Every structure is written in C-alpha cells, then in structure tokens.
Amino acid sequence: MSRQRYWIAAGICLSMLLVWLAFFWEPDIGTPTGHPGPGTLRPAGQPMGGDFTLDSPDGKLALQDYRGKVVLLYFGYTFCPDVCPTSLSALGQAFTALTPEELAQVQGVFVSVDPERDTQEVLSVYAPFFHPRIVGATGTPARVAEVARRYGVSYMKQKPVDDRPYTVDHSSFTYLIDREGRLAALLPHGAPVADIVLQIRRLLGDKGKPS
Amino acid sequence: MKFAKPLIITLVLSAIAGSALADSVLSVHAPYVRLMPPGIKTTGSFMLIKNDGDDDRRLVRADSPAARIVELHTHLNENGVMKMRAVPHIEVKSHSQTELKPGSFHVMLIDLTAPLNEGDKVPITLEFDDGSTIELAAPVKKPHAAMPMPHR
Ligand SMILES: [Cu+2]
C-alpha cells in the first residue's frame, strides 16, 4: 500500500469513527466481546469482530447462538445488483462443495446495511436463494452501524440519480468466524470458491481450539 | 476459421433477436443476465465484446425492453469498498476485446418491467460510437452457472 493510500485509508477510518461517534454511539450497548485468536490471518489494526444480536426472518439472530459452528459473515444490501450476488453465490457454491457433515457445522449470515429497504420479508427470500444455509439479518440503523463498526465494514448510501433507486457503496469482505466466535479471517471480494472451502475446512479442522 | 466462430455466434444472436447483422467487426460473445432472487428488480448483464476492426470503438448505450432504465456501469474497488458507478461509455480497442463481468463493467438493468426466470432471453440493444448497433438475446442464468466451479 502506498503512503498516500495509507493516509487516505487512515483518514477514512478516522472520519468513519467520528461519524459513528456523532450519530450512533450508545454507551450502554456493551463492548466487543470477541478477541482475536492467535495465529489468525487478521492483520494488525483490522476489525475486532465479536458477538452481536440482529433481527432475522426467524426472529433474533445472535452470533453467540452459533458457537461450535464456523460462521461466514457478509455485509451488503439486496438492491446490490452485482457485488453482493457475486459474493453470496461464491459462498453458496462453497457450501455446496462441503460434505453434509461439514455443512451441518457451518452457517452463512448476510447482514443488510440497508434496513430502510431490506425488510425481513425481502431478506427471507433473498439470502436462502444463494444457499439454504445462508440467513439474512438486519436491525435498526444504529445497531447495524455498531455491528459494521466491530467488523470494520464501511458503507455509504449514495445520492440517487434522478428517479433511480439509491445504491450503497460498501466493503465486500467475507468474514470467517471460528467455532469460538472469534474473527479468524477475512476473504477479499472475488476470492475463489476453492479458497473459501479451504478456509472453512481449516476452521472446521481446528475444532474451535486455540491454535 | 479464426473468424468463423464469432461470426456464427453473432449471426445466431442476431437471428434470435430478429435483426440483421449490424457491424461484422464488432461481435458479442456469451452474453447473459444474472438471475436474481425473487422480488429483486435490478440485475446486470455481462458479455464479451470483441472488436476485429482497425478502429477503437466505444459502447455508448444499451437498451432493453426488460427494464425501465438501462445503464452502462462499472465497479471501483477502493480498499475493499466496492463502488458502482455509471460510465459514459465502455471502450473496446481495435483487435481487442472488453469483458463485461461481475465486479467490473456491466449493463445494468434497473426496475425490471417483469420478473425474469432462468432461461428467459432478454433482448438487449448495444449502440456504439460509430452509430452501429448489435441486438442480442441474453439468457437469464443463475449466478452459480456463470461462475467457475470449485476444485474438489
Ligand atoms: Cu450497476
């Protein structure tokens, strides 16, 4: 990363933090409980991860309810015509490549950063379309912002052009959470399906023990 | 022989769309429209545009009766943040090709006029900067089918 890009990135992070503090900071919401595991792929200064509770079509969705499973987390929005479907399809294909035993220990979570339009009704159809093992979730704007912050996700609603539906710029990483609920790895946008399968198997093989 | 395959594809696509071959130096290969979950009214179309001519060409417009608004788009990946933006044109250099693919250039279909089903053929008209047009019928495909399969 060039020096200039580093400063731009640092600037963006700082301004996001300030924006978040200004609008969304709720001191009683609790501190992140997640902690990085040793020997993870997570570079320093990256997101902490941690437990959260959101609303899903099936009711409350708490990350801590998936302890013992490997969770793949993706943040996006359903009006997203390309980036989200690409990532979720890759996730779905990776799940399809797993054995039934492996699949039973894996869960996909699609967090909508666009709760304004992505109702539970929309999410209930959208997420399982890519794989039945992927569930949609969202919450109040403040809660979504809090979860996004913990995972280092940035998103910005764009001003719509004329009568077009607005789009949302957003980070497109897939977050891998190990059986203990720790953020273990980040996969960049466009990561090959084979890599996703490999990462899932690596975490399944860990049996949740610290490495 | 080198030109036979793209020519045949172009001819077939033109025939499907019920129109004459507009410009033989420009050809479109493997177009498709991405099938979206039920209820989602925006999607993208992807394809390979080949220019066997001696002049650079620009795709300047796309149109389709399948959507209220059709735009040329690209994605910018800025430190992992994907930003979708409309572009005025998509360049296809002479004796070269430009791929419209996920995460990059695409023909964006906004506000579909009717739900799309897998296998539907979506008529799309491409207009280039020399005034030529290509009409094609892009099949609707599941995202899975459009991506390379994983190694097991
Ligand atoms: Cu687009």
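In the predicted model described here, A:R202 lies in helix α6 (residues 193–205) of chain A, a helix being a DSSP run of H or I with at least four residues, numbered from the N terminus. A:R202 counts as partly exposed because its relative accessibility is 33%, where buried means under 20% relative accessible area, exposed over 50% and partly exposed in between (1.4 Å probe, protein chains only). Residues are numbered from 1 along each chain as its sequence is written, and side-chain values use heavy atoms, with hydrogens and water left out.

The copper ion is coordinated at 2.1 to 2.5 Å by B:H73 (ND1), B:M84 (SD), B:H106 (NE2) and B:M108 (SD), donors being N, O and S atoms within 2.8 Å of the metal (3.2 Å for Na, K and Ca), and since water is not among the atoms, sites may look incomplete. The site is tetrahedral, with angles of 99 to 115° among its 4 donor atoms, a label given to four donors if all angles lie between 85 and 135 degrees. B:H73 lies in strand β4 (residues 67–78) of chain B and B:M84 in strand β5 (residues 81–86) of chain B, so the pair ties together parts 11 residues apart in sequence, strands being DSSP runs of E with at least two residues. Both B:H73 and B:M84 are buried.

How values were computed:
Chains are lettered from A and ligands numbered from 1 in the order in which they are written. This is a predicted model: local features need pLDDT of at least 70, side-chain atom pairs count only at pLDDT 80 or more; totals for chains, interfaces and linings use all residues. Four donors count as tetrahedral if all angles lie between 85 and 135 degrees; four count as square planar and six as octahedral if opposite donors are over 155 degrees apart and all others between 65 and 115; anything else is irregular.
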